[in-house]
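User: I am new to reading protein structures and would like to go through this one step by step. Could we take it as a set of questions?

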Amino acid sequence: MKALRAAFLGLLLVSCGEAQDDFDLLRGALQPNAPRFHPRAEALAARRPIPPRLEVGFPASDLSGVMLLEVERDGVQTWLTADGATITLEQGFLTSTKGFGGGMAGSDVRQSADLILNGGEGRVERFHSFLNGNDEIELHAYICQISTLGSEDIVLRGAPVATQRLQEQCYGVAESFTNTYWVQGSTRKIVQSSQWTGAFLGNMFMKVVPDDT
Amino acid sequence: MKNRAVKSGLTRLLILACAVAAGMARAQSVSTYGTPGLLDIPTAEMFDDGTLVFTGAGFRNTGRATMTFQMLPWVHGSFRYAVLDRLDGPDSTRYDRSFDVHFRLREESRSGPAIVMGLRDFGGTGIYAAEYFVATKTFQDRFKLTGGIGWGRMAGRGAFSNPLSVFGDRFDTRNNANAGGISETGQLDFGNWFHGDAALFGGAIWQYSDRLTFLAEYSPDLYTQESTNDNFRVKSPFNFGAQYRFRNGSQLTASYLYGTTLGVTYSYFIDPRKTVAPGGQGAAPPPLVPEDQVALTRPRNEADIRDQLQTALEQEGLRLVYLSESGDTVGVGVENNTYGQAAQALGRTARVLANEQPPQAEYFDIALMSSGVPLSAVRVNRSDLYELEHDPDNAWRSFARAEISDTIPLIQGGIISDAYPHFSYRFGPYLNLSFFDPDDPVRYEIGAALGLDYTLTPGFTLSTGLRQPIIGTLDDSTRVSDSVLPHVRSDWAIYARESNLRIEHLTAEYLWRPAENFYARTTLGYLETMFGGLSTELLWYPTDSRLALGIEANYVAQRDFDVLFGFQDYKVATGHVSAYYDLPGDYHAQIDAGRYLAGDYGATFSLDREFNNGFKVGAFFTLTDVSFEDFGEGSFDKGIRLEIPVSWLTGRPSRNKISQTIRPVLRDGGARLNVRNRLYGVTREARAQQLSRGWGRFWR
């Protein structure tokens with residue numbers, strides 16, 4: 001695919017459009033890692049007090065960074081990266097990723113949330129929808145086995161936090177994946193997790209950053 | 001209840017996914033002809049539906065480049081360009097273009113083989129002309145046996161008299177395919193198909209592992225024409241090869257052919273449905289802010305609301321050109337210069353409106369506009385946005401609730417005061433290609449292009465495009481047109497030689513809506529590189545229709561070879577009536593009937609396969625009252641075309657496309673005016689059929 005891209009990027013020069021667009025594409029091709037700051041992210045970063053933060057990373061591609069909470073509505077939090085990509089979390093469970101390349105469009109993770117936040121074990125179903133390369137939405141269903149892996153102390157901003165570690169192993173028709181959650185004992189909230197974003201990028205690691213107060 | 005509905009939908013999808021997975025498990029070997037096959041002989045296999053396969057093959061004095069497209073699950077078509085050194089003598093090179101088509105007559109089953117009928121080189125110079133029936137059966141997943149009977153070129157070694165002669169004596173003899181010389185190339189040779197002697201062929205495939213496959217075959221092809229002048233000799237009918245499949249799916253085959261030569265074949269597979277980044281890498285849409293917060297932060301006066309809306313839309317790459325408010329409804333008009341799918345522009349606009357408009361606005365009427373002219377309108381309920389934003393099935397559910405209509409009622413004064421006049425420009429490099437000139441099979445030109453558009457009032461645009469060639473071989477061509485028709489296209493080499501800085505177009509254009517379901521266009525000026533004049537067009541295209549009908553009339557004069565300001569003497573009235581039909585599935589058909597640039601009357605038939613993401617592969621041909629003889633080489637105008645959205649390559653939102661039409665030869669018969677902004681192309685993206693296909697991106 002890379003060779004094909006390179007070949008076509010030459011051809012891309014044929015394209016017409018806003019000049020800005022062409023130059024952006026060219027720059028993106030030459031310096032794929034050059035930072036692009038999205039105006040929404042700039043506005044959010046300038047807000048005081050600083051909005052809640054989330055440390056995130058994609059272990060498979062060695063990418064990491066910080067996301068800021070942009071909006072919370074009906075129990076769904078939308079977190080934003082500097083370049084304008086977002087994820088949504090429902091009670092700490094990943095329900096969508098947009099702008100990262102892969103496209104988890106939406107999810108129904110209520111069964112997993114009920115069991116995991118109550119420290120239970122068992123079988124649940126979860127559903128994810130994905131935007132595919134042909135601009136269609138694919139709905140995928142998974143059967144998941146939730147098991148507890150014992151208690152573990154993790155460190156949040158230098159302070160140890162007692163958590164229960166749980167694992168959710170999911171199987172679908174074409175894919176399988178494993179999510180791991182560290183649930184804080186005192187609050188029953190997910191403070192750290194590794195959750196699957198889809199076949200394109202694999203798992204995403206997330207860790208809450210506690211408020212200064 | 002909702003959950004159950006989702007689940008039952010999921011079950012159906014899962015079954016579908018299983019079926020797809022089963023179909024993809026097989027590996028596919030590709031022959032030197034770029035079609036499913038062993039080394040030089042075909043097999044009865046098909047590629048995965050929709051796959052585009054590019055194959056390059058080389059062996060002694062012969063090179064073949066083939067593009068094969070699996071247009072239907074049971075039909076694939078190919079276009080091939082072959083370079084044959086020393087075919088016609090020691091110091092000559094023959095360039096040969098050929099088309100193949102293959103039909104699967106029977107799918108492989110547990111007990112029986114797949115059967116395919118192939119027509120190779122059915123309309124070229126006939127050097128590769130062959131027809132065959134071939135059967136392939138798989139044993140224990142790893143072994144495949146192939147056997148078949150071939151006519152034409154394949155009736156070489158061990159040829160016997162035609163078994164089809166039982167249907168009549170006419171099958172006994174096959175005329176010399178190239179008897180008519182170059183003037184008859186391009187005509188279908190059906191008088192020869194399956195005629196003359198026949199011979200048997202066969203082979204075996206052993207898939208040693210997922211990566212490595214061994215192939216052995218018996219080919220009756222004697223390469224008779226090639227051996228006359230020592231292009232290639234055949235000593236043995238047996239060919240052997242090994243094929244390696246790379247991680248990216250491409251395949252390399254090394255072979256020992258006909259006891260005399262080594263050969264190499266490389267195939268690259270493209271699935272148009274797969275992009276570099278399936279969900280796209282562009283910025284995410286703004287999330288919906290809770291309604292009570294919108295109420296708190298909303299600006300005091302209307303001018304502020306409008307300014308804030310304009311800024312917020314601009315941030316999403318959209319231009320606000322119209323805004324009206326009445327009671328519980330807000331009507332907006334936006335121009336989308338960013339997203340390949342109009343549905344994505346709609347989704348972004350709807351969310352911006354929800355975040356910027358006061359809570360009493362319950363309905364959003366969003367008109368998609370082009371140069372200030374509404375192409376269609378979609379009504380979105382504000383409450384649906386809040387309800388569906390995080391629903392896993394929100395794409396389908398929101399589409400079911402959206403109301404698509406012809407346009408919104410445009411109220412006087414609704415046009416944003418600073419929206420017009422509007423100036424925009426494009427500047428960037430361009431690449432121009434010309435294929436199959438025997439002196440230089442690929443000619444190119446690279447240069448700088450500048451485009452300027454100035455929209456004075458809604459619908460009325462002054463526009464120009466300039467090109468300055470920098471390097472290239474396009475203007476090296478010294479070929480002189482031998483066309484007996486007016487040289488409306490065949491003087492392209494003179495245009496390339498005699499022009500430097502070119503005014504590609506310089507036009508005044510007016511677009512308007514004469515009535516519901518109708519669009520109209522008038523363009524005056526230098527319409528394209530070779531012609532200028534007046535062009536008018538009317539299109540009937542109901543919002544939810546698969547069918548559109550258009551009529552176009554033009555009076556044009558041929559431009560000077562310098563592509564600047566003058567005209568030549570040749571003038572012509574040209575125009576067409578057109579029918580466009582969006583076929584079920586990914587197919588699109590178009591017929592244009594009328595008078596062409598050389599004054600000839602006829603019709604163009606086009607069929608495209610269009611994927612939802614905008615990737616297109618198509619073919620067309622034009623038959624006019626110009627005789628095949630007068631048309632010259634190729635007999636009639638035909639070609640294939642490819643269109644690839646830039647976003648398919650980059651994963652970033654873009655409306656740009658790379659398109660390339662490949663014609664075996666460009667001549668004067670059946671040549672149509674290339675006027676810009678034909679109405680169907682401008683309006684189609686916003687009509688219901690196209691919106692529904694792209695609705696997966698509404699929430700993206």
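This is a predicted model: local features need pLDDT of at least 70, side-chain atom pairs count only at pLDDT 80 or more; totals for chains, interfaces and linings use all residues.

User: Which element gives the most to the side of domain 2 of chain B that touches domain 3 of chain B?

Analyst: The domain assignment of chain B places domain 2 at 291-418 and domain 3 at 422-457 + 459-691. Between them, 19 residues of domain 2 of chain B are in contact with 24 residues of domain 3 of chain B. On the domain 2 side, the elements that give two or more residues are α5 (342-356), β15 (363-370), β16 (373-381) and β17 (403-405) of chain B. The element that gives the most, with 4 residues, is β16(B).

User: How many residues on that side of domain 2 of chain B are nonpolar, polar and charged?

Analyst: The side in question is the one where 19 residues of domain 2 of chain B meet domain 3 of chain B. Its residues divide into 1 charged, 10 polar and 8 nonpolar.

User: At what angle do α4(B) and α5(B) pack?

Analyst: Two packed helices are described by the distance between their axes and the angle between them. B:Ile305, B:Gln308, B:Leu309, B:Ala312 and B:Leu313 of α4(B) meet B:Thr349, B:Val352, B:Asn355 and B:Glu356 of α5(B), and α4(B) passes α5(B) in a right-handed crossing. The axes of helix α4 (residues 302-315) of chain B and α5(B) are 10 Å apart, and the packing angle is about 145°.

User: Why is chain B as compact as a globular protein of that length, and what is its radius of gyration?

Analyst: Chain B holds 12 helices and 30 strands. For 700 residues the globule rule gives 27 Å, and the value for chain B is close to this, so chain B is as compact as a globular protein of that length, with a radius of gyration of 29 Å.

Notes. Residues are numbered from 1 along each chain as its sequence is written. Chains are lettered from A and ligands numbered from 1 in the order in which they are written. Domain bounds come from an automatic or database domain assignment. Two residues are in contact if their C-beta atoms, placed from the backbone, lie within 7 Å. Ala, Val, Leu, Ile, Met, Phe, Trp, Tyr, Cys and Pro count as nonpolar, Asp, Glu, Lys and Arg as charged, and the others, Gly among them, as polar. Axes are lines fitted to C-alpha atoms, for helices over the stretch in contact, and angles run from 0 to 180 degrees between N-to-C directions. A crossing is left-handed if the near helix is turned anticlockwise from the far one by less than a right angle, and right-handed if clockwise. The radius of gyration is taken over C-alpha atoms; the globule rule is 2.2 Å times the number of residues to the power 0.38.
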